[in-house]
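Reader: I have a fold open in my viewer and would like to talk through it with you. Could we go one question at a time?

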Amino acid sequence: MLFSSIPFLYYFLPAVLAAYFLVPRQAKNAVLLLASLFFYGWGEPKYVLLMVFTIGVFYGCGLAVGWAKKGAARRFWLILAVVTGVALLGVFKYADFFIANIAAVTGLSLPLLHLALPIGISFYTFQCISYVVDVYRGNAAPQRNPINFGAYVALFPQLIAGPIVRYADIARELDSRVTTWEDASCGVRRFLVGLGKKILLANQLGQLTAVFRASGEKSVLFCWMYAIAFTLQIYFDFSGYSDMAIGLGRIFGFHFIENFNYPYLSKSVTEFWRRWHMSLGSWFRDYVYIPLGGNRVSKPRWIFNILVVWMLTGLWHGASWNFVIWGLLFAALLLVEKSIPAIQKCPVWLRRCYVLLAVTVSFVIFNAEGLAQAGGDLAGMIGLGGLPLVTRESLYYLRSYAVVFLLGFLGATPLVKTLAQRLPQRAAAALQPLVMIGLLLVCTAYLVDGSFNPFLYFRF
């Protein structure tokens, strides 16, 4: 079930809110758990059992780590939890990738498993692993209530696409929380802003990328339009979902961490990854990079640590070589930035342009079906392959999507937010409800019309 869908907005969410606020405090997590399992099962009922299995295993491992007296016993339960999480990802997400590559290298005829990817498995598995690791480190107490733990893992606001919420950050709110009117109103506003990003910007830009793929009249201009459109689409798609997740969490009394902070304004690739998908970046930093030694090691080992983290970051996004190349490209850029301090002395505008170019190229690789398609798209952007600079079709779509591009450029900056904050208090108080209601009505009209409404991060 998508947040940006009529069933969610007008049936599921109102029903859950009514049940949640009517039941006594002790039953609220049970309502959230049942609602979350229903939400998950809407798309793929058979994998609800996998979700319940995952909850049970990591709940038990967390308790065992907390209760174990000896270091060896604690390490055993920690290793069991990590191995279980990696195995789940290995079987359901990466098995066919590894089988296909082994077959290609050895020449053997190996059958693929063709298992469907459980939605959100990368997100909830990482949350479960971080929970047991934090209990092992003493950063969190084990959760003894299975319903509370199940609600944490399956919590529908952030189940499908994050942000990756660490147990330690919401442990107190799981046990006891109160939703104030301020929380609820702030949550509704945040949700509707995210909904607008998704439907009015990401979906429209997604239509252009689909047109490009189907086009038989490609040009250099069209290749660049596609690259820029997808770069904006993935930002508004994912940051819009994060906004909706954070807003829903706030309505239910949870305060999730921020996941995006205007990443396209970054002046370095290092800064970009401090602003983009921040919950994933901090997860890899705390649970992979630092345990490997971080930068407190010899230079060759540090380079190795960077390469491992970014190869895993790429693989986390998908079981394909283009994702591995995408991750290693960022590793190379980060290593160059760290090794050449003079880059930071370049003019700010030049550094921002370099980051935007690097990110745009990276997302062309990211969105390709394979390395061949990625190579073709990049070649088209520099005029190789005999493509003309401009065609009638590319000019037509440039004119058609000019306003969407303009809104996308503005929406990727804090300009709109800054202008809204500068409004007089009375004017803001009067306009805000009208703007939010108007936004909901316009988004609903697009959904009723059956508009293009994919969600990119379902693949992860």
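Reader: In which loop does tyrosine 262 lie?

Author: Happy to start there, with the reminder that this is a predicted model. Tyrosine 262 is not a glycine, yet its phi is positive, about 45 degrees. Its place is the loop between α10 and α11 (269-275).

Reader: What is the phi of histidine 277, and is histidine 277 buried or exposed?

Author: Most residues other than glycine have a negative phi. Histidine 277, in the loop between α11 and α12 (278-289), has a positive phi of about 40 degrees although it is not a glycine. With a relative accessibility of 0%, below the 20% cut-off, histidine 277 counts as buried.

Reader: Which residues have the most contacts inside the largest nonpolar core, and which helix gives the most to this core?

Author: In soluble globular proteins, nonpolar side chains tend to be buried together. Here the largest nonpolar core has 134 residues, and those with the most contacts inside it are Phe8, Phe156 and Tyr264. The helix that gives the most, with 18 residues, is α10 (residues 220-251).

Reader: What does phenylalanine 156 touch?

Author: Let's set aside residues up to four places away in sequence. Phenylalanine 156 then touches several phenylalanines, including Phe3, Phe8, Phe12 and Phe39. The list also includes Leu13, Val16, Leu32 and Ser36, and it ends with Tyr241, Leu248 and Phe252.

Reader: How do helix α2 and helix α3 pack, and at what angle?

Author: Where they meet, Leu37, Tyr40 and Gly41 in α2 face Val48, Met51 and Val52 in α3 as contacts. The axes of α2 (residues 28-43) and α3 (residues 48-67) are 9 Å apart, at an angle of about 140 degrees. Angles over 145 degrees count as roughly antiparallel, so the term for α2 and α3 is oblique.

Reader: Which residues of helix α16 are buried, and why do they line one face of the helix?

Author: The buried residues of α16 (residues 371-381) are Ala374, Asp377, Gly380 and Met381. Seen down the helix axis, they line one face because they fall within an arc of 130 degrees. What covers them includes α9 (181-214), α10 and α15 (348-367).

Reader: Which residue follows α16, and what is its phi?

Author: The residue to look at after α16 is glycine 383. Its phi is positive, near 85 degrees.

Reader: What is phenylalanine 212 in contact with?

Author: Phenylalanine 212 is found in helix α9 and is buried, with a relative accessible area of 1%. Leaving aside neighbours within four places in sequence, its contacts are Lys218, Phe222, Cys223, Tyr226 and Asp377.

Reader: Where is tyrosine 401, and which residues does tyrosine 401 touch?

Author: Look in the loop between α17 (392-400) and α18 (402-411), where tyrosine 401 counts as buried at 12% relative accessibility. Its C-alpha atom and that of leucine 205, 196 residues apart along the chain, are separated by 8.1 Å. Not counting residues up to four places away in sequence, tyrosine 401 touches Gln204, Gln207 and Leu208.

Reader: One last stop: what does leucine 439 touch?

Author: Leucine 439 lies in helix α20 (residues 425-448). With a relative accessible area of 18%, leucine 439 is buried, given that the cut-off is 20%. Beyond residues up to four places away in sequence, leucine 439 touches Leu192, Val193, Gly196 and Leu200.

Definitions and conventions: Residues are numbered from 1 along each chain as its sequence is written. This is a predicted model: local features need pLDDT of at least 70, side-chain atom pairs count only at pLDDT 80 or more; totals for chains, interfaces and linings use all residues. Side-chain values use heavy atoms; hydrogens and water are left out. A nonpolar core is a set of buried Ala, Val, Leu, Ile, Met, Phe, Trp, Tyr and Cys residues joined through side-chain atoms within 4.5 Å. Buried means under 20% relative accessible area, exposed over 50%, partly exposed in between (1.4 Å probe, protein chains only). Helices (H or I, at least four residues) and strands (E, at least two) are DSSP runs, numbered from the N terminus. Contact means heavy atoms within 4.5 Å. The arc is that of the directions from the helix axis to the C-beta atoms. Axes are lines fitted to C-alpha atoms, for helices over the stretch in contact, and angles run from 0 to 180 degrees between N-to-C directions. Angles under 35 degrees count as roughly parallel, over 145 as roughly antiparallel, 65 to 115 as roughly perpendicular and the rest as oblique.
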